[in-house]
Amino acid sequence: MKKKALVVDDNANNLLLANDLLEVAGFEVFQAENATDGIAIARREKPDIIVMDVRLPDIRGTQAARILRQNKETKDIPIVFVTSSVMADGIEEIKDIANTGFISKPINTRTFVKELSQFIK
Amino acid sequence: MSAVSLQSNQRLSGSSRWGEKTMKIRARLRLNTWISLGVISLAIAIFAWSFLEVYRADRNVLFIDEIREATFERIALRDNYLLNPSEELKIKWYAKSETLRTLLESASERFTGKDDRALIQEARKNFDITFSSFSTILEKQRQEEPADRKKLAFGEEESKLLSQVFLNADALNNSGVRLYESLRGAAITARNRGAVFIILFVVGSVITISIHSLFIGRIIRKRLTVLHEGVKVITGGNLDHRIDIVGDDELADLAQASNEMVTKIKESHEFAESVINTVREPLIALDQDLRVVKVSRSFYDFFQVNPEETVGQLIYDLGNKQWDIPKLRELLETILPQKTTFDDYEVEHNFATIGRRIMLLNARQIERASGKERIILLAIEDITERKAIENGLKKAHEELSALATELKRASRAKSEFLANMSHELRTPLNSIIGFSEILYDKTFGPLNEKQKHYTNNVLTSGKHLLLLINQILDMAKVESGKMNLTLSRIPMKSLLGDISLLVADMVSQKKIEMLLEIAEDVPNIEADDLKVKQILYNLLSNAVKFTPEGGKIGIRAEKADFEIKILVWDTGVGIELENMERIFEGFFRVDTPYSRITEGTGLGLPLSKKLVELHGGQLSVKSEGLQKGTSVQFTLPIAPRKVV
């Protein structure tokens with residue numbers, strides 16, 4: 001059975017890039033352009049990993065992660081943040097959220113999936 | 001009042017009288033005491049003498065009484081014997097006669113009065129006659145009559161003797177009585193005389209002492225009046241007045257002391273006045289009714305008023321009631337009665353004469369030791385100018401802090417702008433780099449050569465753009481002070497090794513030789529690990545980029561005092577002297593034949609310099625000129641100084 005990955009990003013190009021890289025690597029990929037949709041899909045599909053942008057149109061990705069952590073069904077799903085921000089506060093923000101990772105944009109397409117896979121149990 | 005002079009120079013005209021000797025009042029009083037004591041002792045002596053006199057007279061009377069008694073008893077013995085002769089009576093008669101003789105002898109020694117002596121003399125004569133006559137009778141009886149005869153027999157001669165005895169015995173008795181009478185009289189006289197003496201003396205003494213006391217009182221009263229009048233004039237406020245007094249007694253001393261005191265008071269008065277007039281701050285002294293007692297000269301100058309319209313006026317009425325200031329009223333009428341001192345009370349008032357003034361009032365309430373009057377001292381400091389300066393400063397300060405706030409806001413805005421820009425620029429770069437990488441990697445199918453070449457161009461340009469963005473961001477962060485160092489202990493030797501490995505690929509690709517000269521004593525330093533790596537990487541990659549094939553680059557590291565010195569050198573294109581200044585400007589790149597193949601931003605060196613300086617070190621570049629190589633030397637403190 002294919003592993004499921006959820007990608008949440010408001011930039012359609014970046015969403016497509018992550019989608020392609022994950023699909024090539026054999027993931028079943030679900031896409032969401034905002035946090036609300038992302039949370040809904042995560043509850044429905046219970047993906048093996050969530051790739052999340054930090055800046056989203058409705059709420060911040062970190063906030064969405066906290067909401068997911070409160071739900072029993074989604075609280076153990078590893079979440080990897082992908083952000084364009086180089087400011088240190090990005091890292092500070094996710095320090096206290098369990099089972100999360102951080103990859104900065106622009107991503108390295110050759111190592112992206114490998115980096116994500118480290119978080120999947 | 002005649003003795004009180006109103007002018008001090010009158011004192012001089014009367015000063016000759018100071019020389020006159022008058023008896024000291026204390027001496028007078030002492031004399032009075034001595035006189036009283038003398039009179040009393042004399043009275044006591046007279047009393048004692050009178051008492052003694054009376055006592056002696058009484059004793060004489062008693063003595064004569066004794067003689068009279070002895071005389072009576074002897075006569076009784078004689079008569080008993082004549083009636084009933086016996087040996088026993090005879091012996092008793094002899095004994096009594098001896099007693100009487102002794103008494104009479106001592107009496108003649110005792111009494112010295114002429115009449116008394118005559119009487120004693122007569123008594124003794126009579127005693128001698130009675131004794132010789134009766135003892136003759138007794139002797140005759142013993143010879144002629146036997147002892148047991150009871151009846152006496154008298155011859156003619158004996159009868160004659162006996163009658164003589166009787167006669168003389170009576171005479172003796174009479175003498176005693178007369179002497180007794182005489183002495184009793186003397187005793188009474190002595191008593192009366194003593195009493196008269198004492199009464200006379202007491203009356204005399206009282207009169208003497210009273211007269212003397214009255215005399216002293218009169219003198220003291222007169223002089224006290226003079227003193228009192230003088231002191232009254234002085235306390236009335238005339239400090240020029242001096243008490244004129246004659247003599248050199250205590251009151252004269254007192255007057256002189258008072259005069260000296262007044263001189264001293266006047267001196268201290270003048271001193272206080274000169275102090276008041278020296279102080280530049282206007283000073284004003286008020287009485288308890290808030291009327292002006294005194295003001296300093298500076299007050300007149302400052303408020304442009306005259307003494308005539310100031311002293312004695314109610315403070316509020318000064319200068320056409322200009323001083324009727326509500327805040328001043330509050331200070332004087334509400335605050336001061338509760339607090340004796342008040343400092344820095346600010347009052348602002350628009351004076352008709354001198355315009356709007358801001359004054360700082362310092363008030364002191366002085367309780368006068370004498371009487372219940374209070375004096376209020378008011379020091380007025382004009383702070384109008386100071387206030388204006390202060391206000392200017394305050395305004396400037398406000399403007400400055402507004403500016404600072406604005407600057408902070410702008411700085412924050414800049415930071416936010418940078419963060420946003422970084423995000424917004426990276427987001428499309430993510431697609432550019434990501435998709436071109438996927439294409440180049442043929443993830444979704446092969447490309448022809450041209451496509452592959454162009455895809456690589458897109459990829460390389462994207463990466464270059466990313467590097468530019470990163471370095472611009474770093475520069476901006478350093479310049480806005482947003483670049484924070486995360487200090488840790490860095491093992492310098494191993495770090496230098498790691499960095500050289502990082503560029504080793506580039507070095508070997510270009511067939512360049514790299515030399516490492518790291519001194520043994522290069523210590524570990526306290527620095528930001530990532531930043532130091534960034535500095536070294538920038539410098540080394542520059543060295544590689546600007547060094548043609550077959551050239552050399554190298555690192556030399558050594559310890560110097562409290563820092564380490566690192567030199568990154570190359571044998572590359574070097575820098576023209578005229579360009580030495582421009583290399584730190586940013587985006588400056590040496591135009592070389594290699595520049596097309598070298599990939600640089602022109603920001604590496606200036607950013608490295610900034611990062612070195614952020615650590616408290618220094619970075620300098622040396623080059624002998626074009627094609628003569630470049631060496632960049634920088635220092636890093638072993639323990640960083642505080643760098644703000």
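A salt bridge is taken here as a side-chain nitrogen of Lys or Arg within 4 Å of a carboxyl oxygen of Asp or Glu. By this criterion, the side chains of B:Lys96 and B:Glu73 form a salt bridge, with an N to O distance of 2.6 Å. B:Lys96 belongs to helix H3 (residues 87-110) of chain B and B:Glu73 to helix H2 of chain B, so the contact ties together parts 23 residues apart in sequence. Helices (H or I, at least four residues) and strands (E, at least two) are DSSP runs, numbered from the N terminus. The model is predicted: local features need pLDDT of at least 70, side-chain atom pairs count only at pLDDT 80 or more, and totals for chains, interfaces and linings use all residues. Residues are numbered from 1 along each chain as its sequence is written, chains are lettered from A and ligands numbered from 1 in the order in which they are written, and side-chain values use heavy atoms, with hydrogens and water left out.

Exposure was assigned by relative accessible area. Buried means under 20%, exposed over 50%, and partly exposed in between (1.4 Å probe, protein chains only). B:Lys96 is partly exposed, at 21% relative accessibility. B:Glu73 is also partly exposed, at 33%.

Over all chains, the structure holds 32 salt bridges. One of them joins the side chains of B:Glu53 and B:Arg56, at 3.9 Å from N to O. These residues are 3 apart in helix H2 (residues 25-83) of chain B, which means that about one helical turn separates them. Another salt bridge pairs the side chains of B:Glu385 and B:Arg357, at 3.7 Å from N to O. This pair links distant parts of the chain, 28 residues apart: B:Glu385 lies in helix H10 (residues 384-440) of chain B, and B:Arg357 in strand S4 (residues 355-367) of chain B. B:Glu385 is partly exposed, at 47% relative accessibility. B:Arg357 is buried, with a relative accessible area of 17%. In chain A, salt bridges that share partners join A:Lys4, A:Arg44 and A:Glu45 into one network.

Chain A comprises 5 helices and 5 strands. Along the sequence, the elements follow the pattern β-α-β-α-β-α-β-α-β-α. Of the 121 residues in chain A, 54% are buried. Contacts (heavy atoms within 4.5 Å) were then sorted by sequence separation. Among those in chain A between residues at least 6 apart, 59% join residues at least 24 apart. The accessible surface of chain A is about 5800 Å², of which 49% belongs to carbon and sulfur atoms. Accessible areas come from the Shrake-Rupley method with a 1.4 Å probe; for residues, only the protein chains shown count as cover.

In helix H1 (residues 12-24) of chain A lies A:Leu16. This residue is partly exposed, with a relative accessible area of 41%. A:Leu16 and A:Gln31 are 15 residues apart along the chain, and their C-alpha atoms are separated by 8.7 Å.

Surface patches were then examined. Patches are made of residues with over 30% relative accessible area and no salt bridge; like charges are joined within 9 Å, and nonpolar side chains (Val, Leu, Ile, Met, Phe, Trp, Tyr) within 5 Å. Lys and Arg count as positive, Asp and Glu as negative; His and the chain ends are not counted. The place of a charge is taken as NZ of Lys, CZ of Arg, CG of Asp or CD of Glu. A patch of negative charge on the surface gathers A:Asp10, A:Glu33, A:Asp37 and A:Asp58. Within this group, A:Asp37 sits in helix H2 (residues 35-45) of chain A. A:Asp37 is partly exposed, at 39% relative accessibility.

A nonpolar surface patch is formed by B:Ile199, B:Val203, B:Ile207 and B:Ile211, with about 390 Å² of accessible area together. B:Val203 is placed in helix H5 (residues 156-235) of chain B. B:Val203 is partly exposed, with a relative accessible area of 46%.

Backbone geometry was considered last. Most residues other than glycine have a negative phi, and most peptide bonds are trans. The peptide bond from A:Lys105 to A:Pro106 is cis, with omega near 0 degrees. A:Pro106 lies in the loop between strand S5 (100-104) and helix H5 (112-117) of chain A. B:Lys442 is not a glycine, yet has a positive phi of about 55 degrees. B:Lys442 occupies the loop between H10 and helix H11 (449-479) of chain B, and is partly exposed at 42% relative accessible area. B:Asp561, likewise not a glycine, has a positive phi of about 50 degrees. The loop between strand S9 (552-560) and strand S10 (563-570) of chain B holds B:Asp561. B:Asp561 is exposed, with a relative accessible area of 66%.
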